[in-house]
Amino acid sequence: MQSPSRVLYMRNDSDVPAVFDWQLDAGDEFCVRPLSGVVPPRSTAHATVTFRSTAPANFWTRATCLVKDSEPVALDLIATGYTEGARPPPLAARHVAAYYARLAAGGAPVEVDPAALSQAPTSLHSEPLGLQGVGGAGVGAAALPGLADDCMQTGPLPGPTAWPLFFDGQDPARAISVDMSHLDFGACSRLSASEFKPVAVTNHTSAKLTAFFSVPVWHDPAGGVPAPVFAVLPESADIKPGCQATFRVAFRPPRDGVHFAQTLHVRAHLKVCGVERGRGAAQRRAQCEDAACGVVVMVVVVAVVV
């Protein structure tokens, strides 16, 4: 899988150094390098944002950057991952803006439009996994203008920012939830996998959703190929409105004498049934298509502590 990247420019308009720290895990789908550092006064620094995923789905993370002696700043990271066998409709910044605008107007987190969702995307990336577009909003000592991209929405997107984003998360609708805030596997051996621990995911919307866990890779400080240390089964589950699905999380350390702590994200997207039309009425057939709803890509954090 290829890992597309973009350059992020961070500008400090103040007269004092701006110490920053991105609140992202090293193994997340979106990786910022460097995660922390200092931007000199009246200067600009740059970082690299890389998208890495093995799942054909839409990904959206409103990342928080802590800035010393200032409010946090936010950056929307948006991407669509696809393979030859599965190509979901691309996600764009305008979908995120429409989602927040609908919630602000008192609308439901899911608004189904089968006719629009069943349309094929107008363009596809040449890479197996594509980084769609990124928009950002900045306040305080360090202003983050976002990443330049043809499909990027200019200006900050609506929705939570600063401290409300840091403490309450990016989805004010609470469209999905989990019954566990953390899982403690205790002491485990690399010679055998631990027992599975259940995590229930609840769909609070009025539509059928498909949920799946994003499992980050673990980077061994001693070197070697990064690989996941946690596993989740099933890979995905369809959840009816108001219902739950149970996932099982397992842990197997690659070596002994090491402490592990990672964050797993639960992501969900709308599952709708559309109609594919051929040249004649006799060629019409119903098909189920996974698609983003304007957009409902919700993130719930599950901390897994060992």
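The model is a prediction in which local features need pLDDT of at least 70 and side-chain atom pairs count only at pLDDT 80 or more, whereas totals for chains, interfaces and linings use all residues. Residues are numbered from 1 along each chain as its sequence is written, and side-chain values use heavy atoms, with hydrogens and water left out.

A salt bridge is taken here as a side-chain nitrogen of Lys or Arg within 4 Å of a carboxyl oxygen of Asp or Glu, and under this rule seven salt bridges are counted. One of them joins the side chains of Glu29 and Arg267, with an N to O distance of 3.2 Å. This pair links distant parts of the chain, 238 residues apart, since Glu29 lies in the loop between strand 2 (18-22) and strand 3 (30-33) and Arg267 in strand 17 (residues 261-276). Strands (E, at least two residues) and helices (H or I, at least four) are DSSP runs, numbered from the N terminus. For solvent exposure, buried means under 20% relative accessible area, exposed means over 50%, and partly exposed lies in between, with a 1.4 Å probe and protein chains only. Glu29 counts as buried because its relative accessible area is 7%, and Arg267 counts as buried because its value is 1%.

A salt bridge is also found between Glu84 and Arg87, the closest N and O atoms being 3.1 Å apart. Here Glu84 is exposed, with a relative accessible area of 71%, while Arg87 is partly exposed at 32%. The side chains of Asp256 and Arg190 meet in a further salt bridge, at 3.3 Å from N to O. Asp256 lies in the loop between strand 16 (244-251) and strand 17, and Arg190 in the loop between strand 11 (182-184) and strand 12 (197-203), so the pair ties together parts that are 66 residues apart in sequence. Asp256 is partly exposed, with a relative accessibility of 41%, and Arg190 is likewise partly exposed, with a relative accessible area of 41%.

Grid points are joined across faces, edges and corners, and a volume is the space filled by probe spheres set on the points. In the whole structure, one cavity of 30 Å³ or more is found, and the largest cavity holds about 40 Å³ of space. Its lining consists of Leu24, Asp28, Glu29, Phe30, Thr61, His265 and Arg267, and the lining therefore includes both partners of the salt bridge between Glu29 and Arg267. These lining residues divide into two nonpolar, two polar and three charged, where Ala, Val, Leu, Ile, Met, Phe, Trp, Tyr, Cys and Pro count as nonpolar, Asp, Glu, Lys and Arg as charged, and the others, Gly among them, as polar.

Aromatic pairs number twelve in the structure, with rings of Phe, Tyr and Trp (its six-membered ring) paired if their centres lie within 6.5 Å. One aromatic cluster is formed by Phe185, Trp218, Phe230, Phe251 and Phe260. Phe185 also has Lys197 over its face, at 5.5 Å from the ring centre, and the charged end of Arg248 sits over the ring of Phe196, 4.7 Å from its centre. A charge is assigned to such a position if NZ of Lys or CZ of Arg is within 6 Å of the ring centre and within 35 degrees of the ring normal.

Several backbone features lie in loops. A cis peptide bond joins Arg33 and Pro34, with omega of about 0 degrees, and Pro34 lies in the loop between strand 3 and strand 4 (36-39). A cis peptide bond also joins Leu233 and Pro234, with omega of about -5 degrees, Pro234 being placed in the loop between strand 14 (230-233) and strand 15. Although not a glycine, Arg42 has a positive phi of about 50 degrees; Arg42 lies in the loop between strand 4 and strand 5 (43-51) and is exposed at 56% relative accessible area. Asp69, also not a glycine, has a positive phi of about 60 degrees, and is exposed at 76% relative accessibility.

Definitions and conventions:
On a 1 Å grid over the protein atoms alone, a cavity is a set of points where a 1.4 Å probe fits but cannot get out, and a pocket is an open set with protein on both sides within 12 Å along at least five of seven lines; lining residues have an atom within 4 Å of a point. Rings of Phe, Tyr and Trp (its six-membered ring) pair if their centres lie within 6.5 Å; planes under 30 degrees apart count as stacked, over 60 as edge-to-face and the rest as tilted.
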